[in-house]
Amino acid sequence: MKAAELEVAGVSWAPTKSAESVLHPTSFRIAPGRVLGVVGPNGAGKSTLLRLLYRFQRPKTGHVRVGGQDIWALSARGAARRIAAVLQEQASAFGLTAREIVRLGRTPHHSGFAASGAGDDAVIDRVMGALSLHPLADRDFGTLSGGERQRVMVARALAQEPQVLILDEPTNHLDVRNQLEVVSLIQTLGLTIVVSLHDLNMAIGVCDDVLVLKDGHPQGFGPPQTLLSDGLVSDTFRVDARRDHLARSGAAHFSFSLPKKTGPTL
Amino acid sequence: MARRPAFLWAVGLIGVAVLMVSLSIAVSVGAVSIPLETVWGIMMHKIAPGSVAAEWSVGREAIVWDIRLPRAILACLVGAGLATVGASLQAVTRNPLADPHLLGISAGAAFGAILALLHTGLFIGLLTVPLLAFGGSLGATLIVLAVSQFASATSADRLVLAGVAVSFIVMSAANVLIFLGDPRATHTVVFWMLGGLGLAQWDQLAYPAVVLLCCGAYLWLKSGILNVMTVGDETATTLGIPVARFRLTVFVIGALITGVMVAFSGIIGFVGLMIPHIVRLLVGGDYRRLLPICALGGAVFLVWADIIARTIMAPDDMPIGIVTGLIGGVFFVWLLRRRLG
């Protein structure tokens, strides 16, 4: 597994040719091994941007390049060997075991029906070990807890041996302990990572860079400590945001309240 | 869970053994009961003439070889085919309730077959009914996919709802065809629609056998992709799979198998829903194992359903669709309870 540079140059997207853009031209560049957090309110275009990065949708304008190569110039399988994604969709009713789910990650490395070789098993063993999944290997995926499932899905993505890993809200529906585990895992992977997050404080703690989106427009890109000001966050999320420093650790920490004058617009 | 290779081989071998025994019993049981030794003797005699001394009457030989054996083999083919289609559709629709019957594919096939039987005549010989049945099942499949696109209902649950809706419409159209058809022929057609294997003949078994072998082999070769499809469209895309094209391919293959099976056996529901569920409990969800064991399970199930259909109201044949519908309905209730619990 070797991290690659991810370059996004002026990508935009709209559901149809005539429809209004859901994502307006966005550009950024992440050096190999860095973690980018994508933040913004609901409907800001975070998922849309991620879909363009993991080659689910073709951008209306612009290019996505991994290690200098346009992902649409690659074959679907070629792209799948460079970019992996952990999404919110999960199968459960089909009786696959945790190990079988992880094995799915080897799919882009096979041609046709080439039976899985010893190389596959070595990779699967390694990623399952890294995520301490061996005790769960033969459990039915549907019987696992939310945190365990997320770990299996991350292992599945790692089994692809990608250069870039994309995670869509990986901490959703997880309890505090599992959130922390996922976050600390992200930091140790050594891959180029793009992660969408709801929790700004988590983004500050985890990400090297942050991209702020609002209504499909990029609001800023840069290291969270310098980029995320009271003004930008308040404006983006339509709240009163105040950035403090935690007394014990000194880490930056946002607290939020509803703006006084406008009140709830329900 | 016991999913070691030895266990799987055991399941497979036991399955084959059970199928062989079931076939023998199916040939032995009936209005004229024929002892198992005689059944095996006749089979040996037919396969390798001279290996056993013929100590049976010509009549018995005809019952075993010309009537009951082709019927039992047709039951195997239809059961294996429907179970394989059901399992594959469940993966690509990501819905454990998918089944050729529920998705309207069987209704489309029935429409095509009725068109051939009552209206167009056998204008290209024996192949007319299976071909038009395939045309009908393919048409219904495409309508289901189009409706789910049109209603922007590509989510798994909605696809099945679209299938149920199309199934009703196509079934009505098929009934109009029966209504407009020659009243003297309608009795046969209605009886055929309820499902029955009584028309099985050696020279026709080749069609379902070839279709099942080719399509089944293709699906089995793609079992790794079927596994991926159970997780979700976007994840499958990130694994390099052309999701829309693959789903369409599986639907067309499902229509082909279903069309040919319906042409020879009428509408037999719930096999494709029930068998994959039971097999999953037994060998897990990996399609590499699931598909072959489903084919075995479907074959055994339908052989027994046919034995019940032939004996419960002996000497009359009850339509086999009634038997599978009854068992399938009860199974559905059990499934609901299990999923809620």
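Me: What is a polar contact, and how many residue pairs make one between chain B and chain A?
Reply: A polar contact is a pair of N or O atoms within 3.5 Å; within protein, one must be able to donate a hydrogen and the other to accept it, and residues adjacent in sequence count only if both atoms are side-chain atoms. Between chain B and chain A, seven residue pairs are in polar contact, both at pLDDT 80 or more. This is a predicted model: local features need pLDDT of at least 70, side-chain atom pairs count only at pLDDT 80 or more, and totals for chains, interfaces and linings use all residues. Side-chain values use heavy atoms, without hydrogens and water, residues are numbered from 1 along each chain as its sequence is written, and chains are lettered from A and ligands numbered from 1 in the order in which they are written.

Me: How many salt bridges cross the interface of chain B and chain A?
Reply: A salt bridge puts a side-chain nitrogen of Lys or Arg within 4 Å of a carboxyl oxygen of Asp or Glu. The rule finds two across this interface. One of them joins Arg289(B) and Glu100(A), at 2.9 Å from N to O.

Me: What area is buried between chain B and chain A?
Reply: Buried area is the accessible area (1.4 Å probe) that two parts lose on being put together, summed over both. Here it is about 2400 Å², and carbon and sulfur atoms give 63%. Glu234(B), Thr238(B) and Leu239(B) supply 28% of the area that chain B buries against chain A, more than any other three residues.

Me: How many residues does each chain bring to the contact?
Reply: Contact means heavy atoms within 4.5 Å. Chain B brings 29 residues and chain A brings 29 residues.
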